[in-house]
Amino acid sequence: MLKTIRKNCGLRQEEITGDYITRNLISLIENNRTPLNSDVASLVAENINKSLNYSLIHWVDTEDFYRPERYKVKEEVKDFINRKEQELLEGNLTLDEQELKSVENTLRKYRLTDKKAVLYELLSDFYNSSKQLNNEYMYLIRSKENYSFYPHHKDKLFAIKQRIIDNLINRDIEDSALKLIEIMYDTFESINGLNQRERNLLQYKKAWALYHQADYSSSIALINSILCNDSCTADDNELKANIENDFITTDCLLLLAKCYSATDALKKAKNIYYELWEKLSIENNTNKMLDIIINLINIEVRCNNKTNLFKLLNYSVTNESILKKQAQTKTLFKYYLELSQGWESIEDLDQAKDYYLAAIQVAISNNDQEELLEVSKKIFNFCEKRNQNYFLAKISPHLQEWIS
């Protein structure tokens, strides 16, 4: 079993010796010339895991050397996870309930906490991509519980807890998100301490939750505190470097602009958005660029600034293929909806209708009732206001298809 496990991990004998075992001892064990006692088994398992950077998908327990059946099951589960990860990457992951139930029963039966952590994280990714946020939350919690057994995965545990915070905010459970943020401060500080970047991340999540609670003044104060800590208020070259390379700075500035926009401080919001627009690269920051354009169009419509609005809309048309390439579907829906509002504002009704149709198609493909309701309301208002009732006849088949 030692030889089988070592080879399956792609390691040579000398790579699993560590400081207290010789290659000769490994050779003797693998050739059945001396037994593998529990102390050596524990050291070898640690050396294998260390050599593989403590990867849980390849994790080796001492039990694996003595229970071939258990190890065989672990390999089968590993293959299942790898297959599903590839399907998720290709965008065609499907879940058979019976198969998944069987795998979960196997994980419980053999106490495979390592594979539980990885599988549940994968399932949370799937449910996040399909916007089934309740299921995403359930599997994030399960993944967190299992990652907590592995001290070498503090960073992963921190990242999963951040995702739980995001999930809570996206489900409008901001109070629970804020409580979790405080708990994370206490627990991570007491274990290994938090570095400045981790503190900034938690502060940003807190500011985001407060924004969702419409506590804009508190959110603005927190964001400004983060930006000072990130020293992004230095000269312009340093600001540009931070914007390009540090998503914390960029996200904080975006959130700050949203807070200003929500409090009708439109000039401050516009200054930040236009500054970010100049600094960011479309290719590297597609979704952030879309977010900026969406919010700028909204502001220019509110300000009735048709000159700036026309420039924004023309920029969007010129760069549409780039902007759409990596866009998340939720962002793309907002983008189309805001474009339709912008074109309507400058009286180009044909363009407005085209983007209303595009927004409907994205909402239908997302199977998102809230998005479809939002775009439908705007279209009905558009048709009533602009005397475009025939347009309702054009969109009816799309709505009927979705209802069916």
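The structure is a predicted model, in which local features need pLDDT of at least 70 and side-chain atom pairs count only at pLDDT 80 or more, whereas totals for chains, interfaces and linings use all residues. Residues are numbered from 1 along each chain as its sequence is written, and side-chain values use heavy atoms, with hydrogens and water left out.

The secondary structure of the protein chain consists of 21 helices and 0 strands. Here helices (H or I, at least four residues) and strands (E, at least two) are DSSP runs, numbered from the N terminus. The C-alpha trace spans about 90 × 55 × 40 Å along its principal axes. Of the 404 residues in the chain, 49% are buried; the term buried denotes under 20% relative accessible area, exposed denotes over 50%, and partly exposed lies in between (1.4 Å probe, protein chains only). Among contacts (heavy atoms within 4.5 Å) between residues at least 6 apart in sequence, 60% join residues at least 24 apart.

The interior was examined through its nonpolar cores, each a set of buried Ala, Val, Leu, Ile, Met, Phe, Trp, Tyr and Cys residues joined through side-chain atoms within 4.5 Å. The largest nonpolar core contains 111 residues, of which I292, Y335, Y336 and V375 touch the most other members. Helix α19 (residues 349–366) contributes the largest share of this core, with 11 residues. Another core, of 18 residues, lies apart from it and includes L2, L36, A45 and L52. When neighbours within four places in sequence are left aside, Y336 is in contact with E320, K324, Y355, A358, A359 and V362.

N366 is located in α19 and is buried, with a relative accessible area of 15%. Not counting residues up to four places away in sequence, N366 touches K131, T329, K330 and E371. N366 and S148 are 218 residues apart in sequence, and their C-alpha atoms are 34 Å apart in space. The helix is followed by N367, whose phi is positive, near 55°.

Positive phi values also occur in two loops. N32 has a phi near 55°, a positive value in a residue other than glycine, and is found in the loop between α2 (23–30) and α3 (38–51). N32 is exposed, with a relative accessible area of 73%. N387 likewise has a positive phi near 55°; N387 is found in the loop between α20 (369–386) and α21 (389–403) and counts as exposed at 62% relative accessibility. N200, by contrast, lies in helix α10 (residues 196–212) and is buried, with a relative accessible area of 2%. The C-alpha atoms of N200 and I220 are 14 Å apart in space, and the two residues are 20 apart in sequence.

In helix α3, the end C-alpha atoms are 20 Å apart, which agrees with the 20 Å that its 14 residues should span at 1.5 Å a residue. V40, A41, V44, A45, N47, I48 and N49 are buried in α3, and the buried residues of this helix pack against α1 (2–8) and α2.

A helix pair was also examined. Helix α14 (residues 266–279) and helix α16 (residues 306–318) pack at an angle of about 30°, with their axes 15 Å apart. Axes are lines fitted to C-alpha atoms, for helices over the stretch in contact, and angles run from 0 to 180 degrees between N-to-C directions. K270, Y274 and W277 in α14 meet N308, L312 and Y315 in α16. The residues of this contact divide into 4 nonpolar, 1 polar and 1 charged, where Ala, Val, Leu, Ile, Met, Phe, Trp, Tyr, Cys and Pro count as nonpolar, Asp, Glu, Lys and Arg as charged, and the others, Gly among them, as polar. The buried residues of α14 are L266, A269, K270, I272, Y273, L276, W277 and K279.

Notes. Expected span 1.5 Å × (residues − 1).
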